[in-house]
Amino acid sequence: NFDAFLHLVQLDSLNLADNLLDRPGMIFNSSANFPTLRVLSLRVNRLTEIDPELFHKFVNLATINLEHNQITAVPPTTFSTMTKLTTLNFYENRLTELPANLLSSNTELNIIDIRDNQIAQLHPDTFKGLAKVTRIFLNNNPITYFDPTTFRDTVSLQRLLLGACELSNLDPAMFSTLRNLVIMDLYSNNLETFPSDAKLTNLTS
């Protein structure tokens, strides 16, 4: 019985990690409202899918942690009302793709963690408009190729982790706007060369 949540109108952080939840809608699709909630953790549960309207009432949410679930897909409008979102964590799920416009409303995003999924290709507009993001983690996905425009708007990006993917080629144009990049991880890929004309003057590792 989740009726207790109905009266927590000043709730700032909600941690539901390490449970057996597979349908969080039984909590969030009720008449409960969370106008002050900023941090939500649903990590280590049994989620396999997300209702497209599941998080729409969390207009002030800044951090959402969905790591260690079994989520296979995310509807395009899932985060459309969360304009204050700064941290999104999908580490170790079963995602095979991300909708092109999934993050189009989340221009305050700072950290995106999508490590250990099953994504083979990203749409060129996946990170469109995300000028404030500083960290993108894509390790351990079977990504073989990036469109040269994929990171065109991520001008504040400092860390880009692409280790243990299946990259065999990198177009130097994909780095053209990454003037602030200081750490890039490319271990365990299929690269035979690295583009000599990639302008990554600030890299430290």
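At 38% relative accessibility, F194 counts as partly exposed (partly exposed is the range between buried, under 20% relative accessible area, and exposed, over 50%, with a 1.4 Å probe and protein chains only). This is a predicted model, where local features need pLDDT of at least 70, side-chain atom pairs count only at pLDDT 80 or more, and totals for chains, interfaces and linings use all residues. Residues are numbered from 1 along each chain as its sequence is written, and side-chain values use heavy atoms, leaving out hydrogens and water.

**Aromatic pairs**

- The structure holds 6 aromatic pairs (Phe, Tyr or Trp rings, the six-membered one for Trp, with centres within 6.5 Å; planes under 30 degrees apart are stacked, over 60 edge-to-face, the rest tilted).
- One of them is F55 with F58, a tilted pair at 6.2 Å centre to centre and 40 degrees between the planes.
- Both F55 and F58 are buried, and ring pairs join F55, F58, F79 and F90 into a cluster.
- F175 and F194 make a tilted pair too, at 5.9 Å centre to centre and 35 degrees between the planes.
- That pair links distant parts of the chain, 19 residues apart: F175 is in the loop between β7 and β8, F194 in the segment after β8 (strands, E, are DSSP runs of at least two residues, numbered from the N terminus).
- F175 is buried, at 1% relative accessible area.

**A charge over a ring**

- R115 lies over the face of Y91, 4.2 Å from the ring centre (for Arg, CZ must be within 6 Å of the centre and within 35 degrees of the ring normal).

**Positive phi**

- D116 isn't a glycine, yet has a positive phi of about 55 degrees.
- D116 sits in the loop between β5 (111-113) and β6 (135-137).
- A164, also not a glycine, has a positive phi of about 55 degrees.

Conventions:
Helices (H or I, at least four residues) and strands (E, at least two) are DSSP runs, numbered from the N terminus.
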